[in-house]
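The structure comes first, then a short report.

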Amino acid sequence: MLEQISASKSEILDAAAHCFMTMGADSASIDDIAASLGSTKGRIYHHFPSKGALLAAVQLRAARFTYQAVSAVADDALPPQLCLERMARAHVMEVLRSLPYHKVILQTYTGARAKTSNAFELGMQAQVRAEHRQYAELFRDQIARGIEADIFPERNLTVTVAGLMLMLNSPVFWYQPDRGAGQEFRNTIADDLAEMALASLRA
């Protein structure tokens, strides 16, 4: 479930996600984030003890955004293929809605890290990884249901979930909301990627 946080903390996380996205997690500083907010570094340090802690908090919030959106539509009472289609669409729509956060996750996967990590930051990073695994289990469970029901062919679940998430996260690589894309186009992206995801599972 998405953590309930203050409006001030939420604003800081939004600004940090945007700065990390545009400047790079290694390059963006607390000074840059404070400047984008029009505030002092003290306001940020009141909530986050270090840049590494702030970066991990952005990553954790990205994971919780998608978990909340997808868990809300996951339903074992539905046929697995219909449940997965709903989950896939919800995932893509949330990625498009909170894109800066997910672009920061992409940087993490491609090697960007805070330059130093203390015990607190390492603990937060471990929490990010744990929540990513928990999120992947939502999809893993539904794919397993589909295999058991002979809707999908037998396959390695770890590889299948990884491939599925790569497809559903693909807008992070190319979607640019500043080019005037409206809600209709976002709906098309979500619908098409969900359909492609289901087709790949049936193949």
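The model is predicted.

**Helix α4 and its partners**

Helix α4 spans residues 51–71.

| Pair | Angle | Axes apart | Crossing |
|---|---|---|---|
| α4 (residues 51–71) and α7 (residues 119–148) | about 15° | 9 Å | left-handed |
| α4 and α5 (residues 80–97) | about 145° | 8 Å | right-handed |

Why are α4 and α7 called roughly parallel? Angles under 35 degrees count as roughly parallel, and this pair packs at about 15°. The two helices are therefore roughly parallel to each other.

Where α4 meets α7, the α4 side includes Ala 56, Leu 60, Ala 63 and Tyr 67. The α7 side includes Met 124, Val 128, Tyr 135 and Phe 139. By class, this contact has 13 nonpolar, 8 polar and 3 charged residues.

On α5, the residues that meet α4 are Met 87, Ala 90, His 91, Glu 94, Val 95 and Arg 97. From α4 come Phe 65, Thr 66, Ala 69 and Val 70. This contact has 6 nonpolar, 2 polar and 2 charged residues.

**The nonpolar cores**

In soluble globular proteins, nonpolar side chains tend to be buried together. Here the largest nonpolar core has 34 residues. Phe 139, Ile 143 and Leu 168 have the most contacts inside it. Elements giving two or more residues to this core are α5, α7, α8 and α10. The largest share, 9 residues, comes from α5.

What does Phe 139 touch? Its contacts include Val 70, Leu 84, Met 87, Leu 164 and Leu 168.

Note on methods
Residues numbered from 1 in each chain as written. Predicted model: local features only at pLDDT ≥ 70, side-chain atom pairs only at ≥ 80, totals over all residues. Heavy atoms only, no water. Axes fitted to C-alpha atoms, helices over the stretch in contact; angles between N-to-C directions. Helix = DSSP H or I, 4+ residues; strand = E, 2+ residues; numbered from the N terminus. Parallel < 35°, antiparallel > 145°, perpendicular 65-115°, else oblique. Left-handed = near helix turned anticlockwise from the far one by under 90°. Contact = heavy atoms within 4.5 Å. Nonpolar A, V, L, I, M, F, W, Y, C, P; charged D, E, K, R; others polar. Core = buried A, V, L, I, M, F, W, Y, C linked by side-chain atoms within 4.5 Å. Buried < 20%, exposed > 50% of the residue type's maximum accessible area, 1.4 Å probe, protein only. Lists of a residue's contacts leave out its neighbours within four places in sequence.
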